[in-house]
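Hi,

Here is the structure I promised to pass on. Have a look, and my notes follow below.

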Amino acid sequence: MNALSFFRSIALLMALLALAACGRDPAPVAASAKPTAAAEADHGDEGDEGDEGDGHGDEHEEEEAAGPIRMTADAMQAAGIRVATLAPAVLRESLKAPGEVVDNAYGTTLITPRIDALVVRRHAKLGDEVAKSAPLVTLSSVEVANAQGALAIAEQEWKRVQALGREAISGRRYSEAEIAVAQARATAQAYGLPAGYTGTANGEFTLHAPHAGRLTEDAFVVGERIEPGRTLFRLVDESVVWVDATLPSETAARIAVGASARVVLGPTTLNGKVLQRAHRTSEDTRNSRVRVEVENTNDALHGGDYVEVFLEAGEESAPQLSVPTAALLQIEGDNVVFRLGGDGTLVSVEVRAGAVVGDQTIVGDGLVAGDRIVVEGAYALKAMMLKAQLGEGHAH
């Protein structure tokens, strides 16, 4: 055998060995793949069972999240949760506006002399609260002295003719005396003398308070000459005050005369009613004024005070069931509130929300009058639900 034939024999032998090796490889691979696939199938089944187990766990979590919440009264108070009983009520929107306290013009009097006079002495001062008929200031006038003298003479003559009687004197003299005393009394009262004045003709007369109130203006000094009509005192009855609230004209038009109002100054809140609505709009601000009459309890308000005014807008409507808008929550796209059951548990209840009026929302379904619902702290309960749901999700 030559060398070439030898090398050809070696190459053929190597090729046959390679083919034999390739023929043996697929059998072991197929055998090993089969149990592997079965194992994966078994593992997949176990995974499915695990998924089903997780699914039941999720349903369990949803049931617990939506289920009742048990809290003691102390725990509710600590969490800021407050419960109230639902009852139908007439809903009106509350509008907030700035306001200023002004004197009640119907209870305000300017104390002025009707003739030239000189201030002799004062009986009251600025800020005093005076009773009806209390003396305020004494003045002196020559004209008043003349009027006092004429009144004294007329009174004497009238008493004389009355004592004589109609039978002893002529009818004309009787009538003249009667008319003269009436004129003298009218002149004296016009000058500021009280009815039935019987004092001396010294020209002095005293101005008295026509009603009870507080002296909010004092514009004179003793010895000063005062002209007719000049204000000496401003007397204000502060038992009832006015508050002028300022609103945009289109908003003011929604306020009805007679509507309820609340006036707030610091910690003080007083109730009032709308007295009148201005029929003129400010050209500069385009605002209008709404005047509120307020019973000034404990002398809480004074002219010039700036306050907050809450006015009821809209028309009267039939009583409707509503909840505070803050008590209404969104859970999984539904509007819910928390209701307190008879067993002391808190349960989320789906409701149909209607119109919003002020800070209240009208509810249609899910609640009835007499239900006790959470009106404050509802977000704390929602947070508890979410926390419980997240906690159980990690546990699984």
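Which residues in α4 meet which in α5? On the α4 side they are Ala147, Ala150, Leu151, Ala154, Glu155, Glu157, Trp158, Arg160, Val161 and Gln162, and they meet Arg173, Tyr174, Ala177, Glu178, Ala180, Val181, Ala184, Arg185, Thr187 and Ala188 in α5 (contact means heavy atoms within 4.5 Å; helices are DSSP runs of H or I with at least four residues, strands are E runs of at least two, both numbered from the N terminus). The residues of this contact split into 12 nonpolar, two polar and six charged (Ala, Val, Leu, Ile, Met, Phe, Trp, Tyr, Cys and Pro count as nonpolar, Asp, Glu, Lys and Arg as charged, the others, Gly among them, as polar).

Before going on: this is a predicted model, with local features needing pLDDT of at least 70 and side-chain atom pairs counting only at pLDDT 80 or more, while totals for chains, interfaces and linings use all residues. Residues are numbered from 1 along each chain as its sequence is written, and side-chain values use heavy atoms, leaving out hydrogens and water.

Now histidine 211, which sits in the loop between β8 (204-208) and β9 (213-218). Its side chain makes a polar contact of 2.8 Å with that of threonine 109 (a pair of N or O atoms within 3.5 Å; within protein, one must be able to donate a hydrogen and the other to accept it, and residues adjacent in sequence count only if both atoms are side-chain atoms). Leaving aside neighbours within four places in sequence, histidine 211 also touches others, including Lys132 and Asp237.

Lastly, β13 (residues 260-265) and β14 (residues 268-277) pair in the antiparallel sense over six bridges (pairing takes at least two DSSP bridges). Valine 264 has threonine 269 in β14 as its bridge partner.

Cheers
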